[in-house]
Amino acid sequence: MIAYIIPFLVTIVAAIVFDICKYKNNAEFFVWMGLYIYLSGLIGLRYMVGGDSYFYMLYFNNISTNNILDFSWDSEYQPLFTILNSLAKAIYSSFTTFQIFHVLIINSCLFYYIWKNSKLRFSVLFLCLLMFYINFTVEILRESLAIMVFIINYKNLENNKWIRYYIGVFIAIMFHLSAVFLIVLPFLKFLRINRHYILLLIVILLALNQLNYLFTFFENIDKINKKVNDYSEASYGWKSTFLFFATRTLIPIGLFYWAKNKFNIVIKYEYLICVFGLLGVCSIFNTIIFTRFTNYLMLFYCITLADVMIPFFRQKIITSSKLFVITTFVFILFTSGYMSFYWPAGYYVKWIPYYSVFSYESESNKFIDRDY
């Protein structure tokens, strides 16, 4: 447990010192790199930590290394994920090799993008740790690679370089099929958080049953159609539906609408936040499918959230606006913490207790029962 708590404590202290108090010197970079190295070691050297990781380990153990570029379009996983596994296994036939490859890709993309695109780096990193980091690094290993491709590819979307952008989308799809969602993003760049957008959310909320027609476009694509059918039959219950709607739509859109209209705060990645809110409404129709798409926007949401909230924490006097932001922040902490570490019931058992490859359990090749 303490292994997971350490980076949270360090980022909280660093956020207070470097982001809120604005104490800037070379120590900031060294702390940043220290967190990068620690998290890379923590995740890369884990032993049987993560529910999905266990099944990816079984897949890794069964793949051939005779030809690294040998893959089938009909296989269970997408080609680039298969190639990455084969490459890692060709170097050393332990799943730890792939884990190290994977976490270095994830951490390098995350840490680089945050460092280059936010002045509130530790606040953003704290939100990332709270909201999605564990899920990205020990659970949704394929999808998180597709998400990192999108993060690196985002500048092409922002600068309307469509050929480069759609090449990046294709690469992302070659890691995980959920990246087909990225195809529609350029057509939504007009969205802004205003009264018209709020009205759009209400209209979509009232017309949710019509979303069935959306999935008819994928009926002739076997792999996507199968996933849609599988996810359509699954359900997490009303509590999950409400939580996702609250954390993807009610909280972010309510907070940013208030900040934009009352204080004229510029909302960074505004149209991505609008898409985030739309997906939150659509999650009422199908929680699993539409909240999966929000994974691609989580980093941008964390950066925007820090940009809006931290200036209020810098205020030396207590105002009604500061109290509102603090209350919202506490609500975000509890809901995000619950959804990341407890939902569904007892989800934390997938990674707690933590074991490393140097532990007795690893050396004795002990099976860790995590209710797979």
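**Close-up views of a predicted model**

View A. The structure, a predicted model, holds 1 cavity of 30 Å³ or more. About 50 Å³ of space lies within the largest cavity. The residues that line the largest cavity are Tyr4, Pro7, Phe8, Leu39, Leu42, Leu129, Tyr133 and Ile134. Two or more residues of this lining come from each of the elements α1 (2-20), α2 (27-44) and α6 (121-138). By residue class, the lining of the largest cavity comprises 8 nonpolar residues, with no polar and no charged ones.

**View B. The second largest pocket.** The volume of the second largest pocket is about 330 Å³. This pocket is lined by 19 residues, of which Tyr47, Met57, Ser94, Phe95 and Thr96 are the closest to its centre. The elements that supply two or more residues to the lining are α3 (51-62) and α5. Helix α3 gives the most to the lining of the second largest pocket, contributing 4 residues. The lining of the second largest pocket divides into 9 nonpolar, 8 polar and 2 charged residues.

**View C. Packing of helix α5 with helix α15.** Helix α5 spans residues 95-117 and helix α15 spans residues 298-313; their axes come within 12 Å and cross at roughly 35°. The crossing of α5 and α15 is right-handed. On the α5 side, the contact is made by Leu110, Tyr113, Ile114 and Asn117, which meet Leu299, Phe300 and Ile303 in α15. The residues of the contact of α5 with α15 comprise 6 nonpolar and 1 polar, with no charged residue.

**View D. Packing of helix α12 with helix α15.** Helix α12 (residues 238-263) packs with α15 at an angle of about 45°, and the two axes are 11 Å apart. Because of this angle, α12 is oblique to α15. The crossing in which α12 passes α15 is left-handed. From α12, the residues Thr247, Arg248, Ile251, Pro252, Leu255, Phe256, Trp258, Ala259 and Phe263 take part in the contact. Their counterparts in α15 are Met298, Tyr301, Thr304, Leu305, Val308, Met309 and Phe312. By class, the contact of α12 with α15 is made up of 13 nonpolar, 2 polar and 1 charged residues.

View E. Thr241 is a residue of helix α12. Residues up to four places away in sequence being left aside, Thr241 touches Ser283, Ile284 and Thr287. Thr241 and Gly280 lie 39 residues apart along the chain, and their C-alpha atoms are separated by 9.1 Å.

**View F. Backbone geometry at Asn264.** Asn264 is found in the loop between α12 and α13 (270-282). Although Asn264 is not a glycine, this residue has a positive phi of about 55°.

**View G. The cis peptide bond at Pro353.** The peptide bond that runs from Ile352 to Pro353 is cis, and its omega is near 5°. Pro353 belongs to the loop between α16 (320-341) and α17 (360-363).

How values were computed:
Residues numbered from 1 in each chain as written. Predicted model: local features only at pLDDT ≥ 70, side-chain atom pairs only at ≥ 80, totals over all residues. Heavy atoms only, no water. 1 Å grid on protein atoms, 1.4 Å probe; cavity = no way out; pocket = protein on both sides within 12 Å on 5 of 7 lines; lining within 4 Å. Points joined across faces, edges and corners; volume = space filled by probe spheres on them. Nonpolar A, V, L, I, M, F, W, Y, C, P; charged D, E, K, R; others polar. Axes fitted to C-alpha atoms, helices over the stretch in contact; angles between N-to-C directions. Left-handed = near helix turned anticlockwise from the far one by under 90°. Contact = heavy atoms within 4.5 Å. Parallel < 35°, antiparallel > 145°, perpendicular 65-115°, else oblique.
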